[in-house]
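Welcome, and please open your viewer. We will take the tour one selection at a time.

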Amino acid sequence: MTLKFTLSLSAGLLALGVAGAQAQEPMKIGVVSVLTGPGAALGQQVRDGFQLAVDKNGGKLGGLAVQITVIDDELKPDVAVGKVRSFVEGGKVDFVVGPVFSNILGAIAKPVLDSGAFLISPNAGPSTMAGKACNQNFFVTSYQNDQVHEVLGKYAQDQGYKRAYIIAPNYQAGKDSLAGFKNYFKGEIVDEVYAPLTSMDFASDIAKIASTKPDVVFAFLPGGLGVNFVKQWSQAGLQGKIPFLSAFTVDESTLPAQQDAAVGLFGGMTWAPNMDNPQTKKFVADYEAAYKIVPGSYAQQAYDAAMLIDSAVKAAGGTGDKDKLRAALKKADFTSLRGKFKFNTNGYPIQDFYLVKVAKRADGKFQTEIAQKVFTDYADPHAKDCALK
Amino acid sequence: MTTSLLIVQILNGLQFGILLFLVAAGLTLVFGVMDFINLAHGVQYMLGAYLAVTFVGLTGSFVLGLALALAAALLIGLALEFLVFRHLYERDHLDQVLATFGLILLLNQGVKMVWGAAPLSVPVPAFLSGSVPLMDGILYPTYRFALIGAGLAVGALLWFIVEKTRTGMLLRAGASNPSMVSALGVDIRKLFMIVFAFGTMLAGFAGAMAAPILSVEPGMGDTVLILAFVVIVVGGIGSIRGAFVGALIVGLVDTLGRSFMNDLLRLFMSAPSARATGAALSSMLIYLVMAMVLFVRPEGLLPAKGRS
C-alpha cells in the first residue's frame, strides 16, 4: 500500500498564484518505514517524526516544496525491495529516508543508491554499512547498532558489577547485542540466554534470575518481548531489587504498555524526551500535540533526518548539484535535538551516549530520562574499514 | 539446580499449559465436532485480550471488564459464524484454511486500526496482585496461581458438560459421527453454532486472562495458534481430555526444557556450545514431542472415541 500525499499542493498553488512565475519541481522524498506487523509502532514514529519536521517548516525543506511518498516495507525485505525499486525508478527521487530495521536497509540500499538518490537512515545502523560497504551517499542519523548495547556494558563495568545475567532473542541482532555488552563488561556472565523470538512468557527465565541472584541483568528484548518481560519482572517482585539494564526494551514505544512496571529500569540512548535544550522541548510539545503520544528516539532521529536534509538543501541551493549537496550533508550543519551532532567519514554520527532511566511524568505519562553520560564523542569502530575520506 | 527452582518452573509450566488448554479446548471442539479448521481461533484469543483492555479500562474493574469482554467476544464470534464460517462448513479443508487465514490478516489489521499498533496492557487486578512466598524466599505471583485455578475450573466445567449433560452427549456423538447424529434428527446447525460460540468464548477467556501477564499486541494470537495445534495433535483431535493432557505436556516440556536444557547439556559439553545447542534444542523440544507422538500414536494420546 503506497500512500501519497502532496504536502506541497497548497504551498505550490499559492506560489503560482502570487508570483505567477514558473513552478519549481517539488523535491521528491520517499519515507520507507514499517507500518504493518509488530514493528508498526516504531515505523509510525519514524513517519510522524519526519512529517512533523516538514509541517513545522511550512511544508518545505531547504526552501523547496517537498512531495513525500510513504512506503510501507511490511518488515519483509522482498516486499521492501519491490516497492522501493519501483518508486526510485518511477522518476527522479532526491532522498530516501528509512528504514527502521537493519535487514530492510540491507535490501533497499542498493536500488536506492544505484538510482543516485541519497539514502538517510533514521534508525537502522548496521555494522556492514559502517565499514567495508559504506557509501558516499549513505548517511545515518541514529547510531551504529552495536553502540547502544556497549553503553550498558560500559555502565555495568563502571559500576563494578561482578556477575551479570544476560538475555536476548535467538537471532543475529540478539547475538550482536550480547557481544556488544561483553565488549565492555569484563565480569562473570552467570548465564547467557537466547530466548525464541516468539517467546511470550519469561516466567522460567525470571525464576532462574531470582535463584541465581546476579548483580545485574542486561536484556535486549525489543517490542512485545520487552513488554512481556518487564511486566512479568515486576509481577515477580524483582523490580528495584536487581539492577535492570536494557537496550530497546524500555522506550517510548513500549512504555504505554509497560507503565509502572518499567519505572526505574535503565536503557541506553543518544537522546531522551527530557533532554535539556529548547529544540527538544519544542519538538516534544509539538509531537505530543499532533500525535497524542510521547515521542521516542525513532521519531527524534527521523526529525533530525528532516532537519539534516533541510540544512543541506539550503546550503547547496537546491538538489541539482549532487557533489555540493553531499558536501553540505557531511557538514551536518543543523540544530540536532541531541545538541551535538557530527558525521564520521563513514556517514555515521560521532556523538554522546547516555544511560536513560524510565520515569513517570507529572501528567501520568511515561518517558525515558537521561541519567548520566556514558560515552563522549563516541565513534563506531567500523569506520576504519570504510574507504571514504 | 535447586528444588525450589524446580518447583517454580513446574508451576510456570503448569500455568503455561493451562493457558494453552483454554485455547486448544475451543479449537479441538470446533475441529473435532464440526470438522472445521479454524485458523482464526488465534485472532479470537487476541480479540479477547483487546476487549479486556477496553472494558477493564472503561469499568475500572477486572471482573466486570472480563465479563463484558467475554460477552463481546461471544457476539463477535457469532457474527463471524453468521457472516463467514457458516458458508464454509460444507467446503473442503483447503477452502476453510484459506478463508480463515484471510480472517487472520483482516482482524490483525483491523485491531491495529482500532487500538493502534503499539502494545497495550491490562493491570493485574488489585486483589490478585502481589506474590505468594514459597519456600526459602522464592516468590510466585498470585495472579498466576489464579490463572491456574481458573483454568482448572474451566476444565472441570467442560468435563462436566461434555460427559454429564445431554448437549455434551450430542457433542461427543458429533465428534464421532456427525452424519449419524444429523440422521437421528438432531439439529446439527444449532449444535454447530453452540459449539462454535463456546469455542470462541474459551479463546476469548484465554486472551482476557493472559492480558495482565502478556503484552497485548496485533498478531499475539498467531504464536498461540501454532502451539494450540501442537497441543491437539499431541492430545488427539476432538478430545477435551486430550487437549488438557496435551496442553500440560507442551507447557511443562517447553518451560522445563528452556530452563534446564543448558544445565543438562553442560554436563557433557563446553559452556558456549551447550548454550547454542540448548537454545536451539529447547525451542524445538515440543515439536520433537509432537513428532514422537505422531510416530507412536498417530491418533494422539487420548483421541475422541470412535474417531479414526
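A salt bridge here is a side-chain nitrogen of Lys or Arg within 4 Å of a carboxyl oxygen of Asp or Glu. This is a predicted model, where local features need pLDDT of at least 70, side-chain atom pairs count only at pLDDT 80 or more, and totals for chains, interfaces and linings use all residues. Residues are numbered from 1 along each chain as its sequence is written, chains are lettered from A and ligands numbered from 1 in the order in which they are written, and side-chain values use heavy atoms, leaving out hydrogens and water.

**Stop 1: chain A.** Colour domain 1 (2–143 + 276–343) and domain 2 (146–269 + 353–382) of chain A separately; the bounds come from an automatic or database domain assignment. Their C-alpha centres lie 30 Å apart. Where they touch (heavy atoms within 4.5 Å), domain 1 of chain A supplies 16 residues and domain 2 of chain A 17 residues.

**Stop 2: between the domains.** How many salt bridges are there between domain 1 of chain A and domain 2 of chain A? The count is two. Now select K340(A) and D377(A): they form a salt bridge, with the closest N and O atoms 3.2 Å apart.

**Stop 3: chain B.** Move to S4(B), which is found in helix α1 (residues 3–34) of chain B; helices are DSSP runs of H or I, at least four residues, numbered from the N terminus.

Methods: Helix = DSSP H or I, 4+ residues; strand = E, 2+ residues; numbered from the N terminus.
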